[in-house]
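Here is a friendly note to read with the model open beside you. Take the points one at a time and look up each residue as you go.

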Amino acid sequence: MDASRKDDCIDAVKNTIEKLGGLDIVVSNAGWTKVTVFSDLDAMDDDDWDRCWTTNVKSNLYLFKAALPTFNTNPEGGAFIMTSSTAGAAVTGGSLPYAVTKAAGLHLMKCLAQTQGSKVRVNAVLPGLLLTEWGMRFPPQAIEMYKDRAVLKKIVDLDDTANAYVMLAQNTSMTGQAIQIDAGFAIR
């Protein structure tokens, strides 16, 4: 699916419910950017900004709205977990539009948690640099800089990040929270 397309998000939720017989947890994990010089205001054009906005913010809303009726009919509600980024909480990231849109997604998370009732928990995980296929696109010197700046002097562990999602899915007493997993890169 293309998370930047509303109909694809709606279909993903609908197909999941049909095939699995229900829905208890959604992990909204879409993200898009082009790695640029952070301070370069011309590095991305309007189409790039729009793609960042639609993928990094609106896709969360599309998925949430599609899942909400099911969450509200579930006896124990549901968990909606957004993937954000340390870039959403600090002035850093692969590009300025990415940081701005991830910050907007975090505010959307808080607004949904505050306004959408007691049956759904809405939280976010903010990973730092993960050495996934995407993270490996950064030059080696940028990866070393991240490690040197992090308090724990390491790159974010994939298992630690996955454990945050599991904890948020299981915890029935948390909503509106942003869990930052970044080895102390951007303590706030």
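1. A word on the source. This is a predicted model, in which local features need pLDDT of at least 70 and side-chain atom pairs count only at pLDDT 80 or more, while totals for chains, interfaces and linings use all residues. Residues are numbered from 1 along each chain as its sequence is written, and side-chain values use heavy atoms, with hydrogens and water left out.

2. Aromatic pairs. Rings of Phe, Tyr and Trp (its six-membered ring) pair if their centres lie within 6.5 Å; planes under 30 degrees apart are stacked, over 60 edge-to-face, and the rest tilted. By this rule there are 4 aromatic pairs. In one of them, the ring centres of F64 and F80 are 5.2 Å apart and the planes stand at 90°, so this pair is edge-to-face. Because F64 lies in helix α2 (residues 46-73) and F80 in strand β2 (residues 78-83), the pair ties together parts that are 16 residues apart in sequence. Helices (H or I, at least four residues) and strands (E, at least two) are DSSP runs, numbered from the N terminus. Both F64 and F80 are buried, which means under 20% relative accessible area with a 1.4 Å probe, protein chains only (exposed is over 50%, partly exposed in between).

3. A stacked pair. Y146 and F185 are stacked, with 4.2 Å centre to centre and 10° between the planes. Y146 belongs to helix α4 (residues 140-149) and F185 to the segment after β4 (178-181), so this pair ties together parts 39 residues apart in sequence. Y146 and F185 are buried. Look also for R149, which lies over the face of F185 at 4.1 Å from the ring centre; the rule asks for NZ of Lys or CZ of Arg within 6 Å of the ring centre and within 35 degrees of the ring normal.

4. The largest pocket. On a 1 Å grid over the protein atoms alone, a pocket is an open set of points where a 1.4 Å probe fits, with protein on both sides within 12 Å along at least five of seven lines; lining residues have an atom within 4 Å of a point. Which residues lie nearest the centre of the largest pocket? They are S85, Y98, L129, W134 and F138, out of 33 lining residues. Y98, W134 and F138 also form one aromatic cluster. The largest share of the lining, 3 residues, comes from α4.
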